[in-house]
Amino acid sequence: MPLDQDTFHLLRDSVQRFVRERLMPAEDHVEEYDEVPEDIVSDMRELGLFGISIPEAYGGIGLSMAQECEVAYELGQTALAFRSVVGTNIGIGSQGILMDGTEAQKTEYLPRIASGELIVSFALTEPDAGSDPASLKTRGVRDGDDYVLTGAKRYITNAPRAGAFTLMARTEGPGAGGITAFIVPADAPGLSLGKADKKMGQRGTKTCDVNLDAVRVPAANIIGGEPGKGFKTAMKVLDRGRLHISALACGMAHRILRESVAYAQQRKQFGQRIGDFQLVQAMLADSQAELLAAWSLVRSVAQDYDAKPAGVTDPQVSMQASCAKLFSTEMVGRVADRGVQIHGGAGYINDYKVERFYRDVRLLRLYEGTTQIQQLVIGKQLMKTA
């Protein structure tokens, strides 16, 4: 059962204060040192942010999708690195175990994930497999009661922080049906991390390659206990993840718009505030209208997601989630671009937050499925149901 609304509103208010009083003041530290301070990570654990999507029975808060989107919206109003710290525990790292794991796996891992004691990462992408995960090459070969994993994963979020990975490997032959999902301890012999990625934006987030050299994993660590179901597990978690990212994009658009309005109020040219010029007002108005449209779409789809049976993939809801992800992430890109334009030359200077956010939001159109992948999902579903 989702959290009752009165209790949820108290949680949301706490998150709003946390963002305003703890995270926003630390944005300059994240930008300068490329790290999220450990005391903030500890405070995130205390607030329960690592477990908002995990049911209370396993130590989490158990928010509905609609409630999770509201929290993601609030977290989106600051540097995206903060949300990234908890993001894999909330979403793709834990949801596969929650949706398809055995009861023993849920009992063993989910309480530690929810508390933030265990950071779990999702390892699917490879050097030659990203948008087409069915083509992944990491191999899992059965050897007695174990599987031996060999291969490489790329751009794995939170890998340097992770204590475990939900990792996809090919065990059963070609195509999507040959992929198996494993829970792989980060300290397993043969598992090593590549150098930290230097990214365009989202400073403070941690991504790197994960290399597997004959890593031995018990067959009992297969999510759900059955090989060949990993691709289905990966696809199940995407709807929730895409809605979460959509809400995050809306929150960031809100912050950029606030920064833009504030600058337009205080910056003067030709003897008046630039916000009094109609062409600047037009950019603000377009951003406001698109933000409201995107946020309305996200909330509507989240309600449809909550209405379907838990753990069941509804192609129509999946299509709607892709619509939300496509529209929201493209929207925040436009809002960020206008924000830089409104700031003029200052918008190109790192001291101003819109310059950072402009770089940060570019990634939102790439992960959890690129904009083009969302278009394919939407188009195929429309053709299928015509």
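Trainee: Which residues does Glu 74 touch, not counting residues up to four places away in sequence?

Mentor: Please keep in mind that this is a predicted model. Glu 74 touches Arg 12, Val 15, Gln 16 and Val 19 once those sequence neighbours are set aside. Glu 74 itself is found in helix 4, which spans residues 65–75.

Trainee: How many aromatic pairs does a search of the whole structure find?

Mentor: The search finds 4 aromatic pairs. One of them joins Tyr 147 and Phe 182 in an edge-to-face arrangement, with 5.3 Å from centre to centre and 65 degrees between the planes. This pair links distant parts of the chain, since Tyr 147 belongs to strand 3 (residues 146–157) and Phe 182 to strand 5 (residues 179–185), 35 residues apart.

Trainee: Are Tyr 147 and Phe 182 buried or exposed?

Mentor: A residue counts as buried when its relative accessible area is under 20%. Tyr 147 is buried, because its relative accessible area is 4%. Phe 182 is likewise buried, with a value of 0%.

Trainee: Why is the pair of Tyr 263 and Tyr 352 edge-to-face?

Mentor: Planes over 60 degrees apart count as edge-to-face. The planes of Tyr 263 and Tyr 352 stand at 90 degrees, with the ring centres 6.0 Å apart, so this pair is edge-to-face. Tyr 263 lies in helix 8 (residues 230–266), whereas Tyr 352 lies in the loop between helix 10 (315–343) and helix 11 (353–360); the pair therefore ties together parts that are 89 residues apart in sequence. As to accessibility, Tyr 263 is buried at 9%, while Tyr 352 is partly exposed at 34%.

Trainee: Where is Thr 207 found, and with which side chain does its own side chain make a polar contact?

Mentor: Thr 207 is found in strand 7, a strand that covers residues 207–218. Its side chain makes a polar contact with the side chain of Asp 197 at 2.8 Å. Thr 207 is buried, because its relative accessible area is 9%. Beyond its neighbours within four places in sequence, Thr 207 is in contact with several residues, including Tyr 155, Ile 156, Pro 160 and Lys 195.

Trainee: Which residues is Val 210 in contact with, leaving aside its neighbours within four places in sequence?

Mentor: Val 210 also belongs to strand 7. Its contacts include Gly 151, Ile 156, Phe 165 and Leu 191. Val 210 counts as buried because its relative accessibility is 0%.

Trainee: Which residues does UniProt list for its domain features?

Mentor: An unreviewed UniProt entry lists "domain: Acyl-CoA oxidase/dehydrogenase middle" at residues 121–215. That span is 0% helix and 48% strand, with its end C-alpha atoms 17 Å apart. UniProt also places "domain: Acyl-CoA dehydrogenase/oxidase C-terminal", again from an unreviewed entry, at residues 228–382. In this second span the composition is 75% helix and 3% strand, and the end C-alpha atoms lie 28 Å apart.

Notes: Residues numbered from 1 in each chain as written. Predicted model: local features only at pLDDT ≥ 70, side-chain atom pairs only at ≥ 80, totals over all residues. Heavy atoms only, no water. Helix = DSSP H or I, 4+ residues; strand = E, 2+ residues; numbered from the N terminus. Contact = heavy atoms within 4.5 Å. UniProt positions renumbered as here; feature names shortened; annotations may be inferred. Phe/Tyr/Trp six-rings, centres within 6.5 Å; stacked < 30°, edge-to-face > 60°. Buried < 20%, exposed > 50% of the residue type's maximum accessible area, 1.4 Å probe, protein only. Polar contact = N/O pair within 3.5 Å; in protein donor to acceptor, adjacent residues only side chain to side chain.
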